[in-house]
Amino acid sequence: MSNGWRRAALVVVLAVGSSCAASPGAAGRVKRAVPAADLERDVPDHRPVGPMILVTVDGARWQEIFDGTDTALSRAPKRSAREIVPNLDRLARERGAAIGAPGRGVIRATGPNFVSLPGYTEILTGRAPIGCQDNTCPTIAVPTLLDEAFASGSSVAAFGSWEMLDRAVSAYPASFPVSCGRHDDPRIDPWPGSGDFRPDRLTAAAALAYLEEQRPDVLYVGLGEPDEYGHRGDYAGYVRALSYADAFVGRLFAALDRMGPRGAETHVFVTADHGRSREFKHHGGGSPESARVWLFAAGPSIAARGRITSNVERHLADLAPTLRTAIGLGGAHDRGERSLDLGWPGASIDELFRPAQAVASPIAQATPVPRSPQ
Ligand SMILES: [Zn+2]
């Protein structure tokens with residue numbers, strides 16, 4: 001695709017609005033802070049970046065991810081993390097690294113309200129939202145990491161179970177394929193969600209099929225069922241949904257393995273938008289502990305080192321700078337002057353990277369650890 005065509009497409013996109021509107025009237029609430037031409041101009045080299053896949057698992061707290069089931073909630077024998085999320089466990093041990101494990105530093109949502117849309121906005125823009133602190137925020141007004149990748153010439157696609165996720169995905173709705181929620185399809189039962197929620201198995205199937213057939217340079221997949229079961233107080237359902245998300249990660253890697261060199265070159269990041277409150281069912285500003293999240297990463301620039309230590313507190317805002325470092329996307333990310341709604345930009349999580357890729361940082365250093373005995 002030529003840059004001229006791409007610029008024209010972005011301009012047209014601004015006119016037509018979203019094909020994946022979260023609710024009636026959502027497109028009308030879209031703010032336009034940055035003209036598309038500005039984004040094109042600010043991406044200096046116009047070369048495709050990637051391949052990279054980002055997966056988020058809504059409301060999946062760190063406890064089960066690293067320590068397995070909570071027997072007080074399950075009222076059943078303990079199941080280890082290796083049992084309930086075997087693919088994430090293997091990812092950290094054999095292909096990459098994990099951030100946020102107990103005793104190894106903290107990665108958290110900035111908040112102060114630890115709910116989904118602010119979390120996804122922080123992940124995808126690299127800045128903690130100041131204005132948006134609930135799930136009714138309008139579509140993001142500044143370009144996201146996905147917008148930057150698209151403007152660089154990359155093919156980009158995003159799939160989400162939660163219909164509101166599209167508000168955080170792109171400031172230019174419909175510039176690249178985005179499919180969030182069940183699109184008002186009455187044949188799809190939104191359970192365990194509600195409204196226009198699309199069950200994770202359908203989101204996962206759509207994303208995997210797109211990956212295999214289209215091989216996008218950058219793919220984002222947002223799964224949502226763990227949070228839905230959590231709010232229902234259904235711990236068994238929550239753990240099943242976690243295991244399903246983990247199986248999806250396993251299927252992603254199987255697909256990448258079938259792609260040969262391109263698969264081997266693909267960076268994969270898996271994280272969550274927020275954690276859960278101490279009593280498990282809820283999350284938000286009244287539960288500071290629900291800020292804490294986790295991150296798994298794998299790819300050619302990331303050494304297989306298991307659970308690594310962060311010597312500084314990490315935030316969801318650090319995700320976008322980290323992904324930019326991983327895929328070599330530069331130049332377009334420092335746009336704080338363009339929005340009063342977002343805080344300071346995050347910093348690349350350099351302790352994830354092999355020394356050759358890491359940007360020198362005096363305060364964040366990797367600490368290799370032995371493989372987990374778990
Ligand atoms: Zn929730």
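Predicted model: local features only at pLDDT ≥ 70, side-chain atom pairs only at ≥ 80, totals over all residues.
Figure 1. The protein chain contains 14 helices and twelve strands, and of its 374 residues, 53% count as buried.

**Figure 2. The largest nonpolar core and the surroundings of Leu146.** The largest nonpolar core is made up of 97 residues, and those with the most contacts inside this core are Leu146, Trp294 and Leu323. Helix α12, which spans residues 235-258, gives the most to this core, contributing ten residues. When residues up to four places away in sequence are not counted, Leu146 touches Leu124, Val156, Ala158, Val169, Ser170, Val218 and Tyr220. In general, nonpolar side chains tend to be buried together in soluble globular proteins.

**Figure 3. Helix α6 against helix α12.** The axes of helix α6 (residues 86-95) and helix α12 come within 7 Å and cross at roughly 50°, and therefore α6 is oblique to α12. At this contact, Pro86, Asn87, Leu88 and Leu91 in α6 meet Asp246, Ala247, Val249 and Gly250 in α12. The residues of the contact of α6 with α12 divide into five nonpolar, two polar and one charged.

**Figure 4. Strand β2 with its partners β9 and β10.** Strand β2, formed by residues 96-99, pairs with strand β9, formed by residues 295-298, in the antiparallel sense over four bridges; within this pairing, Ala97 has Ala297 in β9 as its bridge partner. Strand β2 is also joined to strand β10 (residues 306-307) by two bridges, and these two strands run parallel. Here the bridge partner of Ala98 is Arg307 in β10. As a general point, the side chains of a regular strand alternate between the two faces of the sheet.

Figure 5. Trp344 lies in strand β12, which covers residues 342-345. Is Trp344 buried or partly exposed? Trp344 has 13 other C-beta atoms within 10 Å and is therefore partly exposed, since a residue is counted as buried at 20 or more such atoms and as exposed at 12 or fewer. Although Trp344 and Gly126 are 218 residues apart in sequence, they are 8.5 Å apart in space, C-alpha to C-alpha.

Notes. Residues numbered from 1 in each chain as written. Core = buried A, V, L, I, M, F, W, Y, C linked by C-beta atoms within 7 Å. Contact = placed C-beta atoms within 7 Å. Pairing = 2+ DSSP bridges. Axes fitted to C-alpha atoms, helices over the stretch in contact; angles between N-to-C directions. Parallel < 35°, antiparallel > 145°, perpendicular 65-115°, else oblique. Nonpolar A, V, L, I, M, F, W, Y, C, P; charged D, E, K, R; others polar.
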